[in-house]
Structure formats: structure tokens, C-alpha cells
Amino acid sequence: MIKFNRTKTEKAKAAVASLKAVKAVNGNYNTPEVNAALAEMFCGKCYICENKEGITSFQIEHLKAHKGDAELKYDWNNLFWACAHCNNIKRVEDEPILDCTQVDVEKK
Ligand SMILES: [Zn+2]
């Protein structure tokens with residue numbers, strides 16, 4: 001797994017702004033801006049299996065489970081891009097997992 005940089009691109013800035021707006025109304029974090037920014041940041045790949053080809057559905061994944069925690073739910077730094085398969089098999093019991101935007105996983 002490669003390290004991804006959570007750089008402040010225009011798409012990332014738009015995603016953060018959209019998260020702020022939906023957080024204010026306890027809305028859905030699954031905004032077009034967030035999807036576009038995550039796809040850009042993770043180069044269109046699932047951050048867990050790194051697949052890109054043949055994946056029919058990507059989902060917004062929370063690195064740290066957000067249940068009951070609005071800060072984690074809408075925190076841009078907690079949002080990752082995962083294929084539906086990986087998102088569905090990752091469980092709370094798997095935490096903590098390495099944050100590939102903070103550490104160079106290949107050097108671990
Ligand atoms: Zn995957």
C-alpha cells in the first residue's frame with residue numbers, strides 16, 4: 001500500500017466545505033464533492049485492496065468508526081475511498097488499522 005497525501009487541492013477544499021454544510025444539518029456526508037475529492041486523492045483506487053479496475057461501486061469509508069460521533073462522521077481526515085467489498089468486510093474489531101495518509105505503510 002502506498003502513502004497517499006491529503007493535500008489541499010481545490011476538490012479537497014470543496015469537500016471540506018460540503019462536509020461543514022451537511023454537518024450543520026446532520027446531513028449525509030456522501031456528497032458529490034466528497035466523492036470527487038476522495039477519488040482524486042486515492043487515484044481512483046480502493047485504499048485497502050488498491051483495486052481500481054472492475055470495481056463497480058466505491059464507497060466512503062470511515063477509518064475510525066463514527067457511530068454516535070459527529071466529529072468523526074464529518075471529519076475529512078477520517079474519510080477514505082474503498083470498494084464496496086472492502087468496506088463491507090472491514091469491521092470495528094479490525095481497528096486500529098494503519099492510516100495510509102499519515103504513515104508510509106510499505107516501511108512498516
Ligand atoms: Zn477494496
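## Basis

In this predicted model, local features need pLDDT of at least 70, side-chain atom pairs count only at pLDDT 80 or more, and totals for chains, interfaces and linings use all residues. Residues are numbered from 1 along each chain as its sequence is written.

## Overall fold

The chain has four helices and two strands. Their order along the sequence is α-α-β-α-β-α. Helices (H or I, at least four residues) and strands (E, at least two) are DSSP runs, numbered from the N terminus.

The chain has a radius of gyration of 13 Å, which agrees with the value near 13 Å for a compact globule of 108 residues. That radius is taken over C-alpha atoms, and the globule rule is 2.2 Å times the number of residues to the power 0.38. Along the principal axes, the C-alpha atoms fill a box of roughly 40 × 30 × 30 Å. Of the 108 residues, 20% count as buried. Buried means 20 or more other C-beta atoms within 10 Å of the residue's own; exposed means 12 or fewer; partly exposed lies in between, with C-beta atoms placed from the backbone.

Take the contacts between residues at least 6 apart in sequence: 65% of them join residues at least 24 apart. Two residues are in contact if their C-beta atoms, placed from the backbone, lie within 7 Å.

## Helix 1

Helix 1 spans residues 10-24, 15 residues in total. From first C-alpha to last it reaches 22 Å, close to the 21 Å expected at 1.5 Å a residue. The expected span is 1.5 Å times one less than the number of residues.

Ala15, Ser18 and Leu19 are buried in helix 1. These residues sit on the same side of helix 1 because they cover an arc of only 105° around the axis. The arc is that of the directions from the helix axis to the C-beta atoms. The buried residues of helix 1 pack against helix 2 (32-41). The face turned away from the buried side carries the exposed residues Glu10, Ala17, Lys20 and Ala24.

## Nonpolar core

A nonpolar core is a set of buried Ala, Val, Leu, Ile, Met, Phe, Trp, Tyr and Cys residues joined through C-beta atoms within 7 Å. The largest has 19 residues. Val34, Leu38, Cys46, Tyr47, Phe80, Trp81 and Ala82 touch the most other members. Helix 1, helix 2 and strand 2 (79-83) each give two or more residues to this core. Strand 2 supplies the largest share, five residues.

Trp81 is in contact with Leu38, Ala39, Phe42, Cys46, Tyr47 and Phe58, leaving aside neighbours within four places in sequence.

## Positive phi

Most residues other than glycine have a negative phi. Asn26 has a positive phi, near 50°. Asn26 lies in the loop between helix 1 and helix 2. Asn26 is exposed, with 9 other C-beta atoms within 10 Å.

Glu50 also has a positive phi, near 65°. Glu50 is found in the loop between helix 2 and strand 1 (58-62). Glu50 is partly exposed, with 14 other C-beta atoms within 10 Å.

## Thr101

Thr101 lies in the segment after helix 4 (84-89). Thr101 is partly exposed, with 16 other C-beta atoms within 10 Å. Leaving aside neighbours within four places in sequence, Thr101 is in contact with Phe4, Asn5 and Arg6. His62 is 39 residues from Thr101 along the chain, and their C-alpha atoms are separated by 13 Å.
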